[in-house]
Amino acid sequence: ECLDRIEQVDADVHAFLAVDAERALQQARAVDARIAAGEKLGPLAGVPIGVKDLFCYQGLPTTAGSRILQGWIPPYNATVVDRLLAAGLVILGKTNLDEFAMGSSTETSAYGPTRNPWDLERIPGGSGGGSAACLAAFEAPLAIGTDTGGSIRQPASITGTVGVKPTYGGVSRYGVIAMASSLDQPGPCARTVLDAALLHEVMGGHDPADSTSINAPLPGMAAAARKADVKGLRIGVVRELGGEGYAPGVEQRFSEAVDLLSSLGAEIVEVSCPHFVHALAAYYLIMPAEVSSNLSRYDGMRYGLRAGDDGSASTEQVMRLSRAAGFGDEAKRRIIIGTYALSAGYYDAYYGSAQKVRTLIARDFTSAFEQCDVLVSPTAPTTAFKIGERLNDPVAMYKSDLCTIPANLGGISAASFPIGLAPGDGLPVGLQTMAPAMADDRCYLVGGALE
Ligand code: GLN
């Protein structure tokens, strides 16, 4: 049914970059055989899933949304992909994303934008717009994404779906193409809170192949999603994430959701996180600095696109031409900003200062979590905007992640849950929850209560 649905709608939505119907059907039959042989599989066995095209999946091209990796077929699976297959999930294909996960609209993909199933003239959010749109268009019941500054949560908010950014180190990054390694975190995308929790439990947990993976048991997320009880939970509304620049429809739905949580027995407190106002600025130094280092491996020599190799060109010429042809504008912008921020003489002023701000933001979280169990805010300041609207204004685009970036800088857990449609434009709105590291279950408690 999912394959049929993809056939029907994906020419319009363009959530998928590659679909491997034959292999998906093979995997589904293999699950039947495992069950027939008496193997006890978990609750997601046989469930189809879309995989963001940033995860290595053996045998199918992995492009990261970039021309520079066009046609590259990974020789190995990401740990998360192996875990999906072991649990019997059926991989439909690879979903579209902004180039190297850089963007908030899926418009920087070298393979064309994904459209929002709610309104095909609008963006589905980004960078994981393909993973979110395939859920909203009912092409798949589950998907996986990665979140460096909001790429799971913001598309979830924009498409009326559930998206979770686990605690940094809670889900393995092995085999996930790196954007900014100290911020990147894979996580689940789903249409319901319990589905997301079950997928999170399949994906997550310690992986010796990832040196930043946390070696501790995950909290009980499916149990929390089922419990869905916020009685006595202290919920902090972040004062700095609201007001000017936030769409009235978003603020209205958000305050109604907070009232609902209060009527369900949660204790609502207002909390101030004074350094959050600097989060965007710090992120747009730390992230490009790490991008400039991670993307230096794409040189046209080892894999991916090679341009200008006519037999007489020098190595430097081939590298220059390959990068010029292979990277899009946004990737180039960030490589240049990051290289500048890291260069001698500027390092302390830019990168060093940004790292200090990062510490201050982490301290804001620590003191906030002394006053409450969970923090909440809108996930994104606005609902889905029109395709093309912010493409020539990078700063307007960057502001889409105002609310989501602090959680990445702090390494804590966070999620976005749908809270209805904005009065006015009738488009989905999301509520963000943020909980301390390794207390991801608290996000699911709140999400379950709101559902
Ligand atoms: N939109 C943000 C950016 O462009 C976040 C991207 C992400 O989380 N991968 O960097």
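## Lys52 and its surroundings

Leaving aside its neighbours within four places in sequence, K52 is in contact with T95, L97, G128, G130, S131, I144, G145 and T146, where contact means that the C-beta atoms of two residues, placed from the backbone, lie within 7 Å. K52 itself belongs to strand β2, residues 48-52; helices (H or I, at least four residues) and strands (E, at least two) are DSSP runs, numbered from the N terminus. K52 counts as buried because 30 other C-beta atoms lie within 10 Å, and the scale used is that a residue is buried with 20 or more other C-beta atoms within 10 Å of its own, exposed with 12 or fewer, and partly exposed in between, with C-beta atoms placed from the backbone.

## The model and its confidence

The structure is a predicted model, in which local features need a pLDDT of at least 70 and side-chain atom pairs count only at pLDDT 80 or more, while totals for chains, interfaces and linings use all residues. Residues are numbered from 1 along each chain as its sequence is written.

The pLDDT is the predictor's confidence in each residue, from 0 to 100; the protein averages 97, and 100% of the residues score at least 70. For the complex, the predictor gives an ipTM of 0.97 and a pTM of 0.98.

## The annotated active site

Which residues does the UniProt annotation "active site" cover? According to this unreviewed entry, they are K52, S127 and S151. Although these residues are spread over 100 residues of sequence, they cluster in space, with a largest C-alpha distance of 10.8 Å. UniProt positions are given in the numbering used here, feature names are shortened, and annotations may be inferred rather than shown by experiment.

S151 lies in the loop between β4 (142-146) and α5 (153-159), and this residue is buried because 36 other C-beta atoms are found within 10 Å. Its contacts, apart from neighbours within four places in sequence, are A101, G126, S127, G128, G145 and T146, so that S127, another annotated residue, is among them. S127 sits in the loop between β3 (90-95) and α4 (129-136), and a cis peptide bond, with omega about 10°, joins G126 to S127.

The ligand is surrounded by 13 residues, of which the closest are A101, S104, T148, G149 and S151; a residue is near a molecule or strand if its C-beta atom, placed from the backbone, lies within 6 Å of it. This shell divides into four nonpolar, seven polar and two charged residues, where Ala, Val, Leu, Ile, Met, Phe, Trp, Tyr, Cys and Pro count as nonpolar, Asp, Glu, Lys and Arg as charged, and the others, Gly among them, as polar.

A101 is placed in the loop between β3 and α4, and its phi is near 65°, a positive value in a residue other than glycine. A64, found in the loop between β2 and α3 (79-86), also has a positive phi, near 55°. A101 is buried, with 29 other C-beta atoms within 10 Å, and A64 counts as buried with 31 C-beta neighbours inside 10 Å. Most residues other than glycine have a negative phi, and most peptide bonds are trans.

A nonpolar core is a set of buried Ala, Val, Leu, Ile, Met, Phe, Trp, Tyr and Cys residues joined through C-beta atoms within 7 Å. Of the 134 residues in the largest one, I49, F55, A197, L285 and V374 touch the most other members, while helix α9 (residues 279-294) gives the most to this core, with nine residues. Not counting residues up to four places away in sequence, V374 touches L233, I235, T433, M434, A435, R442, C443 and V446.

Helix α15 (residues 440-450) is largely enclosed by the rest of the structure, because eleven of its eleven residues are buried; among them are R442, C443 and V446.

L261 is found in helix α8 and counts as buried, with 23 C-beta neighbours inside 10 Å. L261 and V446 are 185 residues apart in sequence, yet 8.0 Å apart in space, C-alpha to C-alpha. G249 is found in helix α8 (residues 248-263) as well, but this residue counts as partly exposed, with 19 C-beta neighbours inside 10 Å. G249 and L421 are 172 residues apart in sequence and 8.2 Å apart in space, C-alpha to C-alpha.
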